[in-house]
Number of protein chains: 2
Amino acid sequence: MTITIIGTGLIGGSMALALRDLGIASHIIGVDHTPAHCEKALALGIVDETAGWEAAVDRSSLVILATPINAAEALLPMILDRVDRQVVLDVGSTKKVICDAVADHPRRSRFVATHPMWGTEYSGPEAAVRGAFVNKATVICSRNDSDADAVEMVESIYRQLGMHLVYMDATEHDLHVAYVSHISHITSFALANTVLEKEREEDAIFELASGGFESTVRLAKSNPAMWVPIFMQNRENILDVLNEHIAQLRKFKACLEKENEAYLQELIEKANGIRRILK
Amino acid sequence: MTITIIGTGLIGGSMALALRDLGIASHIIGVDHTPAHCEKALALGIVDETAGWEAAVDRSSLVILATPINAAEALLPMILDRVDRQVVLDVGSTKKVICDAVADHPRRSRFVATHPMWGTEYSGPEAAVRGAFVNKATVICSRNDSDADAVEMVESIYRQLGMHLVYMDATEHDLHVAYVSHISHITSFALANTVLEKEREEDAIFELASGGFESTVRLAKSNPAMWVPIFMQNRENILDVLNEHIAQLRKFKACLEKENEAYLQELIEKANGIRRILK
């Protein structure tokens, strides 16, 4: 089938590669408002052609919306205005705002709200990765608001990508991702700024940074165009988690100030409980 | 040569494997106050025999002290009391306290203070990894306080392990590692506790946790027996960094509370500067 990918960056580009490799897409039209991304996506063979979104949507069976979430929220109602038989899928990191944006749209049921839980700290078409998504989860939100054939197509595609499906409503989704994704990005950005602010000897960081530092700070390379809208849209959930996180850091601070080894031991043992959840 | 490894866990065990693989050690004596570690290290072929530390030191050319740093601080003066020709090397994550502990010892110059910048979140002999240390940095502190032959042996061993050498004094070392290692562990422990405290649906974490969350939280699996003494010994430097980190998190909090997108954008762009330092 012909598939349109709107937003040819990390996620859209990686999806395009997988859809072609699996033989799901016979023709891929790329849409991107950044001309350099269009050129790059063509040059890398991620898309077969590029076009304006209207013409691309008209010619496609499936439209994948993979822009930053603020652009997706603005575009989706216009896309649904043009759609009849097509299926439209988004891959954004928040789900409530986009679902609300089309809740009363007469073509709402052609849209399937999803969030494949995969990403890296890089962006743009050159960040696209072959074999992404395998063994990861995809959230499908409010599937009862979508037509059965649309859900079936989307589920089949994600399964072929090697993903397992998780169902929840948009509100529930946004709360959970505040914990398992968004707060990690905030702490990583803040950690990078801490080190850049205080550690004047960048050579020392470069020389000494070992695996631990790199893994906690790597998300700080992530693209603001993607993350500012996520933090803004999910701000209430994130604020709730961030307040708790600052409170937890203050407990460590109090242990150090008061040289309270026993409580420090207890806090670390409690944190070790994450082993129950992450292998 | 015969080498004694005191503390047969993650670092000591990985060193033993490398020293044998490289043909540097002809015989390895393991010393560990935990009988289960001695048995495990023997069973895994990490050491050739186990012994009490006194007998082991007497029979060795090189003694590697790889216990938690509070035990190392207590043991080192006693080891130096018994030493004549032997070289003693430590691998601890702080350097000032251990250097101070033997500053006036008549055999101080047989000791070389080092910190190989490698580790994982696991512990015990079963955590030992073949091929660890390669392409990582080792800090050698205050090399002028050690005999030339001792420094030469230690440098040669680290080079054979595939590491590059960085020289600094103990005070400088402890400041830098607060930034590039210790704060990452604090934030990771605190992040684990945040999620365990607030996210009651552990299944949701398990299902949804993607690469980002796992990489920021994996250090939270680290062993308190190792980390409590590190945090306590380096508490002043860590408190300084931790205060800055909490201040940086508060800036993100203020952006969300005031819906200040422009400042959020600026904070993230600034954090992206970490790309200058980490490839």
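Visitor: How many Å apart do the C-alpha centres of domain 1 of chain A and domain 2 of chain A lie?

Guide: Please bear in mind that this is a predicted model. The two C-alpha centres are separated by 30 Å. The domain assignment places residues 2-169 of chain A in domain 1 and residues 173-276 in domain 2.

Visitor: How many residues does each domain of chain A bring to the contact?

Guide: Domain 1 of chain A contributes 15 residues, and domain 2 of chain A contributes 15 residues. On the domain 1 side, at least two residues come from each of α4 (69-82), α5 (96-101) and β7 (137-141) of chain A. By class, that side of domain 1 comprises six nonpolar, five polar and four charged residues.

Visitor: At what angle do helix α7 of chain A and helix α7 of chain B pack?

Guide: The angle between these helices, residues 170-198 in each chain, is about 155°, and their axes are 11 Å apart. Angles over 145 degrees count as roughly antiparallel, so α7(A) is roughly antiparallel to α7(B). Their crossing is right-handed.

Visitor: Which residues of α7(A) and α7(B) meet?

Guide: Among those in α7(A) are Tyr179(A), Ile183(A), Thr187(A), Leu191(A) and Lys198(A). Those in α7(B) include Tyr179(B), Ile183(B), Thr187(B), Leu191(B) and Lys198(B). The contact of the two helices holds eight nonpolar, six polar and two charged residues.

Notes: Residues numbered from 1 in each chain as written. Chains lettered and ligands numbered in written order. Predicted model: local features only at pLDDT ≥ 70, side-chain atom pairs only at ≥ 80, totals over all residues. Axes fitted to C-alpha atoms, helices over the stretch in contact; angles between N-to-C directions. Helix = DSSP H or I, 4+ residues; strand = E, 2+ residues; numbered from the N terminus. Parallel < 35°, antiparallel > 145°, perpendicular 65-115°, else oblique. Left-handed = near helix turned anticlockwise from the far one by under 90°. Contact = placed C-beta atoms within 7 Å. Nonpolar A, V, L, I, M, F, W, Y, C, P; charged D, E, K, R; others polar. Domains from an automatic or database assignment.
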